[in-house]
Amino acid sequence: MPLVLIGVNHRTTPVEVRERLALTPHHTVECVRSLHALDEVSECAILSTCNRTEVLAVRGEGCPEDPSGLLAALLDDPLDLSPYSYCHTDEDAVLHLFRVAAGLDSMILGEGQILGQVRSAMRQSDEAGGLGTVLTKLLQWSLAAGKRARAETRIGTGAVSVSSAAVELAKEIFGHLTGRTALILGAGETGELTLKLLSDAGVSSVVVTNRTYDRALRLSESLGGEAVRFDQLRDAMVRADIVIGSTGAPFPVVHADSVREVMRRRRQKPLFLIDIAVPRDIEPDVGLLDNVFLYNIDDLQAVVQQNLGDRHEEARKVEAILEEEAAGFLQWWQTLSLGPVLAGLQHRFEEIRVAELEKTMPRLSHLSEADREALELLTRGIVKRILKAPIAHLKSQAGEPSGAAYLEATRELFGLNGHCSRPRLAEESEDVLGDPREERDQ
């Protein structure tokens, strides 16, 4: 099976490397187009989140055994990714993707945002023209597997996120958040979620700033907070107890020099900064200043561990579900190779039927039009009955070790090597094969 998945994530790679591989939706589309243009890539998709960047590809002609270049190609500058990257192929790649979609490979076990991110990755990769028969089916199946895991287990109960981990860290620092002022950098989805969680945790005052002031204003008004313009960031930091960075900026927006001035105006009153953005919003050197305490997204891992609870037990149930789903996909993949053979077999027998009728019809000129139609139906029915048992047997052997031998024998016996062509679309293949997932659910 020519499937490969190569990537980096929060388990293998520090944030300073991950942020260099983080892709915007527009950049993702461009990168998929570039990779798909390579001869060694038949299909490809890219999943890029704050915790991972992964390239999923179906190998084309001439693809090297070591596909690490597919990931390195996303970088604008050279970087040796070998100490950080992982590579899965074939069955392992399928199971890894399903684990990602179910939230088992997330920083926060069972978090639900990843399903939407996989769906977005599928949409962006499709927009770029990277998806074909295999990856379309695989990504669809991964989404279905992730939904099933959440429906049949408690893996998503009390759902948490990076935002909730940031709030938990703030509570750990202060004991309680009553009377505290929090400043949120960024009015996107993560900023909005963080703001809601801070309000629920008892923060007395929330200030929102964003490059686009109107977005900051709408978000702050929705929950009774205050909006400030981005050029007033230093003033806002002077009166904040907690600063949380969650913008989508491609570079830091909080610098050591500005925080040094803020601390002078605060008379060195302690300031806690939690950076949950990738790429990071706050320069690492900020954490070296006196009375400034900086935490980045990797530091949240310790807080995350406290929120897992009984999810580890649920994770074992999810693993069993994902193994079953992966087996279903692999069965579909294996039967996909039947498509060209079955289509060729049917085409070959149809050629014989038509040729024999054409030879015989001149001697049956006395037949009426109705008789000719009856003869057409009769011969079609004979061919269908003859092929029924062989086709059923080939399907039953598709997932067995002997399956490849049966296919080769069929090609040789019926002279199909010149008649077999791979179906162009998933729908074409399933017209002949059926969908094993649907058959199982019936």
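This is a predicted model: local features need pLDDT of at least 70, side-chain atom pairs count only at pLDDT 80 or more; totals for chains, interfaces and linings use all residues.
Residues are numbered from 1 along each chain as its sequence is written, and side-chain values use heavy atoms, with hydrogens and water left out.

Thr-49 is in the loop between strand S2 (41–48) and strand S3 (52–59); helices (H or I, at least four residues) and strands (E, at least two) are DSSP runs, numbered from the N terminus. I count Thr-49 as buried because its relative accessibility is 12%, given that buried means under 20% relative accessible area, exposed over 50%, and partly exposed in between (1.4 Å probe, protein chains only).

I then looked up Val-100, which is in helix H4 (residues 90–101) and counts as buried at 1% relative accessibility. Leaving aside residues up to four places away in sequence, Val-100 touches Leu-47, Arg-52, Glu-54, Asp-105 and Ile-114. I also noted that Val-100 and Val-118, 18 residues apart in sequence, are 8.6 Å apart in space, C-alpha to C-alpha.

**Entry on aromatic rings**

I found six aromatic pairs in the structure, taking rings of Phe, Tyr and Trp (its six-membered ring) as paired if their centres lie within 6.5 Å, with planes under 30 degrees apart counted as stacked, over 60 as edge-to-face and the rest as tilted. One of them joins Phe-272 and Phe-293, and this pair is stacked because the ring centres are 5.0 Å apart and the planes are at 20 degrees. Phe-272 lies in strand S9 (residues 271–275) and Phe-293 in strand S10 (residues 292–296), so the pair ties together parts that are 21 residues apart in sequence. Phe-272 counts as buried at 13% relative accessibility, whereas Phe-293, at 35%, counts as partly exposed.

For Phe-329 and Trp-333 I recorded ring centres 5.9 Å apart and planes at 65 degrees, so this pair is edge-to-face. Phe-329 and Trp-333 are separated by about one helical turn, because they are four residues apart in helix H13 (residues 311–336). Both Phe-329 and Trp-333 are buried, and together with Trp-141 and Trp-332 they form one aromatic cluster.

Technical notes
Contact means heavy atoms within 4.5 Å.
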